[in-house]
Amino acid sequence: MYKIGIIGCGSIGRMIVENAGYVDVKVVALYDDILSRAKDISPNECKVAKNFEEFLREDMDLVVEAASQEAVRKYGRAVLKSGKDLIVMSSGALLDRQLREEMIDAAKGHNSNISIPSGAILGLDNLKILRFMNGDISLRTIKNPKSLGIEDLTGNMVVFKGKASEAVKKFPFNINVAASLSLATGRDIDVEIVADSDVRDNIHQIRAKGEFGKITIDIENSKFPKNPKTSYLAALSILSLLKTRNDQIKIG
């Protein structure tokens, strides 16, 4: 069993705390800008930090960021420089090249690592072949307008078409799929986002082709019950990553 801390005590943070025994971790520290949220989910003998510095002083093997891109920008480098590994849920922050390089340097210099869960993407391990092979990849995401912060839309409408690096700026809380695909494949992928009032679940359509052949991935995943801006599959992927982190046999 290894010790973890969590930055961000919303629905994903709560889920990790509630499933800590299953994934064989001990949650020893919590930090949230809203102190009451951390207190609300805190297990016994867990430090509820009043500020980030207090949080970082705790003895932890790993920190899970489950807050926002802004939290990655504010705290990611300090976590890595403290020698703690970091799991980044808000992967969109890492499309900022300068931040990404600074975090990589911090990890290299302090024997720490950065992990990104597969999130709502199936087959992400195979798509990494595009790092070293020629090919094309694109993402089309379809969501209910309310999940995108759009009110009073009936029917469907393309609300974004462009590169992933721009998509994560316009929709920082619900298009981490585009960021993770870009980071995995080593390119700023093409993204189209559609708001559709008839859609209930989140839909991601990934298309890739190259010398390896063609890859077609269609994913329809439910929204997280307590946070419609988060996909349930993305939330569950963090549990899978925590559970398998120390496996002697790693798949993918």
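Start by selecting D152, which at 79% relative accessibility counts as exposed (exposed means over 50% relative accessible area, buried under 20%, and partly exposed in between, with a 1.4 Å probe and protein chains only). A note before moving on: this is a predicted model, in which local features need pLDDT of at least 70, side-chain atom pairs count only at pLDDT 80 or more, and totals for chains, interfaces and linings use all residues. Residues are numbered from 1 along each chain as its sequence is written, and side-chain values use heavy atoms, with hydrogens and water left out.

Staying on D152, look at its backbone: phi is positive, about 60 degrees, although D152 is not a glycine. The residue sits in the loop between β7 (135-143) and β8 (156-163). Helices (H or I, at least four residues) and strands (E, at least two) are DSSP runs, numbered from the N terminus.

Next, select E45. This residue is not a glycine either, and has a positive phi of about 60 degrees. You will find E45 in the loop between α2 and β3 (47-48), exposed at a relative accessible area of 72%.

Now step back to I41, in helix α2 (residues 35-41). Is I41 buried or exposed? I41 is buried, with a relative accessible area of 6%. Show its surroundings and, leaving aside residues up to four places away in sequence, you will see I41 touching C9, G13, R14, V17 and L30; contact here means heavy atoms within 4.5 Å. To check one of these with the distance tool, pick the C-alpha atoms of I41 and V17: they are separated by 7.1 Å, with the residues 24 apart along the chain.

On to helix pairs. Two packed helices are described by the angle between their axes and the distance between the axes.

Select helix α1 (residues 11-18) together with helix α9 (residues 232-244): they pack at an angle of about 40 degrees, with their axes 10 Å apart. Axes are lines fitted to C-alpha atoms, for helices over the stretch in contact, and angles run from 0 to 180 degrees between N-to-C directions. That angle makes α1 oblique to α9 (under 35 degrees counts as roughly parallel, over 145 as roughly antiparallel, 65 to 115 as roughly perpendicular, and the rest as oblique). Show side chains for I12, M15 and I16 in α1, which meet A235, L236, I238, L239 and L242 in α9. By class, this contact has 8 nonpolar, no polar and no charged residues (Ala, Val, Leu, Ile, Met, Phe, Trp, Tyr, Cys and Pro count as nonpolar, Asp, Glu, Lys and Arg as charged, and the others, Gly among them, as polar). The buried residues of α9 are A234, A235, S237, I238, L239 and L242.

For a second pair, select helix α4 (residues 69-81) and helix α5 (residues 97-109), which pack at about 20 degrees with axes 8 Å apart. That makes α4 roughly parallel to α5. Which residues make the contact? From α4 come V72, R73, G76, R77, L80 and K81, and from α5 L99, E102, M103, A106 and A107. Coloured by class, the contact shows 6 nonpolar, 1 polar and 4 charged residues.

Finish at helix α8 (residues 176-185), where 10 of its 10 residues are buried. Just after α8, click on G186, whose phi is positive at about 75 degrees.
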